[in-house]
Amino acid sequence: MIHDYLVLSVILFCLGVVGVFARRNFFTVFMSVELMLNASNLAFIAFARLQQNMDGHVLALLIMAVAAAEAALALAVVILLHKQTGKLDTNVFSLLKG
Amino acid sequence: MTNDFMLLFPVILVSLGAIGLMLAATSRCVQIEQAAWACGGLFGFAFLVQLAATLTGDQALYSSLFNDILVVSPFSKAASLVILGCGLFTVCSSLSYFKKNNFSSTEYYSLLLFAASGMLLLTMTRELISTFIALEIMSLAIYILVGYDRDNVLSTEAVMKYLILGAFAGAFLTMGSAFVYGAAGSTKFALIGNFVATTGFLSNPAILAGSFFILVAFLFKAAAFPFHAWVLDVYDGASMPITGFMATALKTAIFAVFANFLLADSGLQQGWVTFLFYIAILSMFMGNFIAIGQNSLKRMLAASGIVHSGYLLIGLVALGSQPVPGSVVAFYLAAYAAGTLGIFSALSYLSGKGEQWKNFDDFKGLAKTKPYTAFAISIFLLSMAGIPPTAGFMGKLYIILAAIQTGQITLAVLGIVSSIVAMWYYLRLIVTMYFHAPERSFAEECPSRIGTVSTLVLVLCVFAISLYPIAL
Amino acid sequence: MFAHLLSVMIFLPIVAGLILLFAPLSRTTARIVGFGVSLAVLVLSIDVYAGFTATGKLEFVEYIPWIPSLGIAYHLGIDGISLFILMASAVLLPMVYVLFGTREKGYYANLLLVEGAMIGAVCAADLVLFYVFWEVMLLPVFFMLGLYGGPRKIPATLKITLYTIAGSLLMLAALAYLAVQYHALTGEWSFSIEKMGLLDLSGHAAALALFGFMIAFAIKIPLFPFHTWLPDAYTEAPTATTFVLSAIMAKIGVYGVIRVVMPAFEMEFARYALFFAYAGVIGMMYCGLTAIAQKDYKRLLAFSSASHMGIIAVGVFSMNVQALTGTIYQIVAHATSTGVLFLFAGILEERTRTRSINDLGGIASQAPIFALFFAIAMLASVGLPGTSGFIGEFLIILGALKFNVAIGVLTGLSLIIGVCYMLWLFQRVFFEKSKTASERFKDLSPVESLAFVPVILLILVMGIYPHPFLRKIEPSTAQYFAAATPVVAQATTVTPALAADLTTEKN
Amino acid sequence: MEHSTFYLGMIPLYPLLGAVCIGLFHVLTCKRWQVPPLVYGLLACVGPAMSFFLALRVFFELRALPLDARFFTYKAFTWFSVGDLHLDMGFLADPLSGLMLLFVTFIGTLIHVYSIGYMSGDKSYAKFFAYMNLFLGSMLILVLGDSPVVMFVGWEGVGLCSYLLISYYSEDRDNVLAGNKAFIVNRIGDLGFVLGMGFLFWAIGSHGFDFLSLKANAHMMTESSILIVCLLLFVGATGKSAQIPLYVWLPDAMAGPTPVSALIHAATMVTAGVYMVARFSFLYVEVAAAGMIVAWIGILTALLAAIFGMFQDDIKKVLAYSTVSQLGYMFAGVGVTAYSAGIFHVFTHAFFKALLFLGAGAVIYVLHHEQNIWKMGGLKKKMPITYCTMLIGALALAGCPPFAGFFSKDEILYSALANGHFFIWLIGVLVAAMTAYYTFRMIFVVFHGQPRDQQAYDHAHEAPLVMTVPLIILAIGALFAGFYNLPAIFGGEQMISHWLAPSVADQHPHDSFLLEFFVIATSVAAFAFGLWVAYKRFGKGAEEPVFTGFARFAYHKFYVDELYDAVFVRPYKAIGAEISEGVEPNMTDAPVTGIARLYMRVGTLVKVLQSGYVRVYAIYMVLGLGIMSFILSQSLN
């Protein structure tokens with residue numbers, strides 16, 4: 001029972017990971033990161049159930065909050081990027097290298 | 001409970017200050033300068049308080065507060081001292097930096113304070129939830145600070161990269177802590193430690209994977225080898241003072257929590273020691289090789305930061321042998337912080353408008369026109385290179401001693417070899433500054449008094465730390 | 001005589017040097033200050049010399065705990081071995097200020113710094129302190145070489161600096177190893193050089209540590225094949241730097257071997273001694289042969305210096321009291337002969353604006369006094385009896401012969417090799433018809449001559465009446481062979497073999 | 001001894017002080033005003049004269065001592081003392097050193113006097129006399145030294161002075177090269193000396209390293225070790241005394257001023273080797289083999305040099321080779337353990353060879369530095385005194401009875417034969433004939449016949465008094481020195497042999513009248529034969545011959561110099577050049593530079609990894625993760 005949740009969360013996590021380096025659009029990349037966070041949320045909840053205590057739930061909530069904050073920041077960055085170059089393709093932003 | 005607050009006083013001070021400044025920023029009447037001074041003053045005050053606590057405070061090795069969520073240990077005290085000091089000098093260098101670049105505002109300083117409070121928390125956390133929160137408080141503030149120059153494409157790019165990868169790593173942290181929590185049933189390091197001690201480390205895949213993921217997250221923040229790639233670009237994009245702040249305070253905080261995490265139970269530390277071993281070696285050498293090729297000072301320093309993470313990892317590997325756990329790491333962090341901050345505070349007023357001068361060749365013949373600055377920079381470089389009688393040397397000596405004492409002779413020797421390799425790019429700048437004819441008159445920089453003063457103070461620190469090494 | 005004499009001798013020049021660096025002063029003032037300070041050091045050193053009673057123990061000891069938790073201390077003291085290097089630096093350095101008057105302020109400041117650092121390295125009785133001074137010693141050289149050096153100075157600077165630091169970092173690892181071993185042995189932390197004598201290390205790790213030390217010292221000495229930084233550095237460096245490097249700094253490498261390596265690694269040292277001795281001999285011949293082919297007299301002298309250092313090294317590794325005493329003596333002799341030759345080379349360069357031997361000639365007739373002094377220093381460096389060079393070289397050959405006949409004979413070859421290139425140099429520069437470059441060569445001014453007279457006298461006195469000097473050295477060196485340490489064991493395993501086939505004495 | 005021996009130390013000190021005084025005086029005055037040369041000349045003569053008188057005193061004090069304890073020493077101070085090596089700066093006066101002392105100081109003084117005349121008009125006059133005094137001082141240290149090491153001090157000192165004086169006319173490269181050659185070749189010998197001392201010390205030196213205690217402890221040493229030591233020391237001797245294979249420097253050494261050739265390269269320094277062997281006689285008598293080697297090397301050198309001497313056309317070269325040849329005799333003498341005979345020959349040789357050189361010097365002087373005998377001729381009318389004195393010298397050298405050379409040479413030959421070394425004797429006789437031949441070849445060509453260079457002849461005149469007087473005195477010596485050791489057969493009582501007996505370990509053959517008579521007869525015959533041939537060919541003046549075949553080969557000295565040059569000098573230089581051009585940069589230094597270069601290369605390569613694409617960075621992380629977890633899984637099972 002629990003294991004299915006875990007398997008699911010792991011799958012989600014892996015999807016997120018693949019998304020991060022497979023996709024080039026900033027939005028998509030960031031959504032993949034969010035996906036990973038949610039995967040860990042799922043895991044927390046599942047484990048909380050397993051362990052019969054509330055810490056997991058607490059953490060899940062906190063993670064959501066943090067994710068929201070990060071999202072806000074990310075959007076700000078998106079706006080900046082778009083303002084400056086009009087593009088969101090991460091490959092465009094490789095001025096800093098070498 | 002009161003005692004707890006007493007011990008937490010610096011953190012509280014800093015975070016309240018942050019909020020206060022943030023509120024103050026809304027009103028027009030507060031000048032940026034005033035904010036800066038306030039911020040600096042706050043850091044200074046907190047520093048003194050912390051110092052007093054360290055010197056006079058109870059010598060109990062661990063005094064845990066909020067039923068074991070946070071712990072104040074000599075190590076954490078030392079680390080927070082370093083962090084507060086970094087904050088102070090960052091403010092100073094920011095002051096001189098913003099004489100040339102005008103994108104500062106009151107929030108800038110409050111964000112500094114936020115980041116600092118996150119770091120301070122991070123040094124004390126003994127529990128996964130609070131670790132995560134502290135980490136994020138710190139990171140979010142830093143993200144913003146990195147991208148603070150909104151009109152600058154580079155800094156935007158930097159923050160973009162940092163944000164993605166940081167969040168990526170953060171996700172690993174959460175996943176890892178999820179697994180660990182799932183296995184051990186608690187998020188407190190101590191209990192996890194007990195669990196590992198009882199059930200064993202390798203037996204439980206959840207613990208294994210979880211601690212593994214957490215490790216990855218830490219290594220990312222510490223910019224250790226396979227997870228180092230972001231550091232050059234981010235440092236390069238961020239503004240000088242922030243780069244300095246990240247290079248020192250952030251690294252301190254991360255290694256503090258890292259050490260706590262590993263200290264909590266020897267089981268984990270033993271389990272990961274082989275990995276840390278290889279990662280340390282790889283970080284040192286890759287860092288060096290990256291640094292050789294760099295022409296930009298900032299990138300060189302970033303790369304050398306990777307190398308120093310390598311050394312600190314040696315310190316973590318040799319954690320067991322230290323009289324006071326983590327003392328070596330803390331000392332090395334202090335030494336490294338002094339040197340790095342010094343260079344960045346010098347660069348803050350040398351790099352000119354929009355950081356137009358940050359390559360090696362831009363500093364040809366600096367010694368002719370600005371002998372004292374050149375001298376100071378040389379001292380900092382020598383400290384980072386670990387030449388006596390600077391602080392860096394003592395740090396290196398301690399690390400080597402600890403490594404050998406734990407029987408990690410290979411590690412010690414490789415560390416030495418890598419520092420030999422590192423000599424070149426530190427000396428390179430000195431050679432450029434002293435032995436080449438000046439190509440431009442460094443007239444346009446007016447070294448703000450505060451900048452020079454802070455640099456000078458840091459020079460003194462470099463020597464003071466080595467000559468009177470606080471017996472941690 | 002007052003307390004903390006050594007500390008004063010160390011920090012007076014360093015502080016003065018730093019002040020000079022930062023204070024805006026004219027070069028003449030700097031020169032005068034430098035001269036004054038170095039004279040003061042000289043006076044103090046004479047005080048030390050007078051007060052030194054050769055007991056073989058450390059004297060003038062100062063002990064201030066520095067890092068108690070690790071047993072690191074500010075611990076000074078000198079014995080017969082360090083005394084003479086101390087004296088050499090104290091006596092020789094004042095000359096430089098007299099001879100080279102037209103240099104920058106930083107030049108003199110760095111000279112003061114390096115003097116202090118070298119004295120510190122020699123007086124240090126604590127490994128960490130020794131290391132600190134050892135490294136600090138290099139920095140002024142780095143700056144002098146890079147700032148005031150010849151045309152190809154920067155590559156030379158980087159080479160010597162990186163090379164030397166590489167060595168000393170290895171030493172750092174090695175001394176950390178020593179400390180840890182000591183901690184494991186006694187349970188207390190200490191870096192005191194004396195206490196390291198209690199260790200008798202053996203095994204692979206010890207061998208590694210030994211080589212860590214040896215590489216550091218070999219680079220400094222320099223011992224073949226670690227000498228390749230030397231020709232460039234010596235040639236490009238301003239004269240005073242070359243002088244400091246060859247006359248004193250190289251000796252501190254030897255000193256390190258005697259003081260740190262021999263007592264701590266008795267077993268391993270004895271095992272590898274022969275190997276190192278061969279390195280010394282080969283270096284002696286290699287550099288000696290190379291010298292003959294040089295077109296640049298400074299380069300020639302550089303190689304000759306390296307060649308003589310080879311002999312000194314042999315003396316260290318021959319492991320008997322004659323050789324070791326001879327080594328210390330030769331150290332001073334070499335400082336007063338080869339070092340001084342570098343000063344002459346500097347004068348030559350200043351006045352003829354050339355470093356090529358082929359451009360010179362017939363100086364003997366132009367400048368008799370210069371030629372005379374040069375000749376005396378040269379004869380000392382080829383070890384002619386009646387000069388300081390002979391005593392040391394003779395003792396070393398004697399000792400080497402006892403240690404190993406082959407080594408002894410090869411060491412003896414230095415008698416011939418040295419003479420070949422030196423005479424060649426002397427012929428080309430001082431004899432024959434004078435060339436355009438040397439036609440109007442100005443002889444030493446009275447002041448300059450006066451500056452050289454003490455050294456020249458020292459060369460002769462040390463050659464004719466060495467006993468008082470040796471009497472101060474011998475107790476310290478004899479100590480190494482007093483107890484039945486493996487070194488002695490090793491040494492004595494050789495001796496009977498030799499003695500047996502020499503004498504029919506049955507006892 | 002109750003009487004003070006302090007003056008023993010003064011003997012070498014006087015000339016040394018003289019040298020220092022002259023040097024300082026010169027250095028201080030040369031800049032300001034011109035000092036008349038005579039001042040230096042006289043100043044220089046003081047030191048040697050004083051030493052000579054002290055030497056006389058030594059001689060008489062020794063005479064006064066009983067035969068068995070006929071020595072006394074003076075220890076100036078402890079020279080150095082390390083471990084069980086203890087050395088005093090001490091001087092030993094015994095019959096051997098006493099005798100050497102006498103004639104070294106005597107001839108030295110004379111030659112100083114002579115030099116006043118010869119060197120007049122030379123620009124760096126003071127330097128010359130300073131060197132001469134320095135030389136004499138070192139020579140006296142050599143003679144008086146009471147331990148091998150002190151002896152070595154003088155040994156090298158005289159080497160140095162010979163170098164300085166050979167390259168005295170330093171404008172000319174050849175002279176300087178000759179000087180270098182002398183110094184380096186001597187150094188090769190000295191290496192032998194030093195190593196010899198080394199072995200000697202480790203054998204018995206710990207019981208005291210002065211000659212007396214060495215002599216006392218010599219019995220402890222094994223045959224083999226004695227042989228080693230003897231041979232090594234003899235290497236030193238061959239260097240100093242120009243024996244095979246190290247004789248090559250002496251002919252070139254004639255580049256120096258003639259008084260130098262007379263004093264250093266004929267009378268005193270070159271005989272130091274013989275003296276040293278005699279000093280160590282207590283070792284050489286222990287092993288016959290050592291003596292044999294010495295003897296054979298000596299006699300062969302004598303032969304070789306005689307052959308060369310027959311074909312030289314430079315008057316000083318003729319004398320130089322005759323010196324080498326005579327030195328060969330001396331070694332033959334000491335080799336066959338007739339030490340007193342050897343020293344006796346040293347003694348007589350000093351007189352007549354100094355005489356010959358000074359005579360030649362006079363000739364050269366009046367002919368304005370013309371040395372080629374084929375440009376001279378018929379000079380006997382012009383300079384009768386020089387002629388007579390040189391004739392005496394020649395007769396002495398050629399071994400014509402009753403001149404000095406005859407007795408000493410005869411003594412050597414006799415003891416060679418008597419000690420059963422037939423072939424050494426035979427070669428000796430042969431060499432005697434050759435000696436007579438080339439000596440008189442020289443005499444005839446230079447003084448008889450018609451002048452070959454008329455114009456030079458016309459300007460020729462008798463040498464000044466200051467030069468001729470020493471000639472005369474020496475001539476007297478050359479005449480009568482031989483009688484000091486008149487063998488029994490002539491009713492003499494071999495004063496010198498008996499005099500030396502306490503300090504050298506002679507092995508006297510039982511005197512047999514018949515044998516001795518035979519030896520004398522043969523050597524006289526040899527002399528007569530050589531003289532006759534020389535007269536036949538050159539007696540009535542002859543033109544410069546053109547050499548062919550063997551003669552040509554000998555004229556070029558068997559091309560030995562060229563051989564050495566090809567075998568030793570050139571390869572040495574070549575190796576040096578090779579190392580500095582090839583090995584140093586390409587092998588020794590290669591690792592260092594190579595590492596540096598590699599390191600830069602890596603630096604540039606690694607830059608590529610920093611591609612700047614954030615995705616790539618993420619991939620690094622994941623890759624690292626993957627690898628680590630792979631390792632982890634490996635470690636798990």
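Let's start inside chain D. Helix α11 (residues 272–279) and helix α14 (residues 315–335) of chain D have axes that come within 10 Å and cross at roughly 5°. Axes here are lines fitted to C-alpha atoms, for helices over the stretch in contact, and angles run from 0 to 180 degrees between N-to-C directions. That crossing makes α11(D) roughly parallel to α14(D). The cut-offs are these: under 35 degrees counts as roughly parallel, over 145 as roughly antiparallel, 65 to 115 as roughly perpendicular, and the rest as oblique.

Which residues make this contact? From α11(D) they are Val274(D), Val277(D) and Ala278(D), and from α14(D) they are Leu327(D), Met330(D), Phe331(D) and Val334(D). By class, that is seven nonpolar, no polar and no charged residues. Nonpolar covers Ala, Val, Leu, Ile, Met, Phe, Trp, Tyr, Cys and Pro; charged covers Asp, Glu, Lys and Arg; the others, Gly among them, are polar. Contact means that the C-beta atoms of two residues, placed from the backbone, lie within 7 Å.

A word on the model before we go on. It is predicted: local features need pLDDT of at least 70, side-chain atom pairs count only at pLDDT 80 or more, and totals for chains, interfaces and linings use all residues. Residues are numbered from 1 along each chain as its sequence is written, and chains are lettered from A and ligands numbered from 1 in the order in which they are written.

Helices and strands are DSSP runs, numbered from the N terminus: helices are H or I with at least four residues, strands are E with at least two.

Stay with chain D for its domains. The domain assignment gives domain 1 (1–193 + 254–268), domain 2 (348–546) and domain 3 (602–637). Such bounds come from an automatic or database domain assignment. Over C-alpha atoms, the centres of domain 2 and domain 3 of chain D are 97 Å apart.

Now chain C. Chain C has 22 helices and two strands. Its radius of gyration is 22 Å, close to the 23 Å that the globule rule gives for 507 residues, so chain C is as compact as a globular protein of that length. The radius is taken over C-alpha atoms, and the rule is 2.2 Å times the number of residues to the power 0.38. Along the principal axes, the C-alpha atoms of chain C fill a box of roughly 65 × 60 × 40 Å.

Look at two of its helices. The axes of α5 (residues 127–148) and α6 (residues 153–186) of chain C come within 10 Å and cross at roughly 175°. α5(C) and α6(C) are therefore roughly antiparallel to each other. Their contact has 15 nonpolar, five polar and two charged residues.

Next, the strands. How do β1 (residues 59–67) and β2 (residues 72–78) of chain C pair? They run in the antiparallel sense, over six bridges. To count as a pair, two strands need at least two bridges found by DSSP. One bridge partner is Tyr74(C) in β2(C), facing Ile64(C). The hairpin has four residues between the strands, and there Gly71(C) takes a positive phi near 65°.

Most residues other than glycine have a negative phi, and most peptide bonds are trans. Phe60(C) is not a glycine, yet has a positive phi of about 55°. Phe60(C) sits in strand β1 of chain C. A cis peptide bond joins Ile221(C) and Pro222(C), with omega about -15°. The bond from Phe224(C) to Pro225(C) is cis too, with omega near 0°. Pro222(C) lies in the loop between α8 (204–220) and α9 (229–236) of chain C. Pro225(C) has its place in the loop between α8 and α9 of chain C.

Last, chain A. Chain A has three helices and zero strands. A compact globule of 98 residues would have a radius of gyration near 13 Å, but chain A has 16 Å. Its C-alpha trace spans about 50 × 25 × 20 Å along its principal axes. In the contact with chain B, 36 residues of chain A meet 33 residues of chain B. α3(A) gives the most to chain A's side, with 15 residues. That side divides into 27 nonpolar, six polar and three charged residues. No contact joins chain A and chain C; their closest C-alpha atoms lie 25 Å apart.
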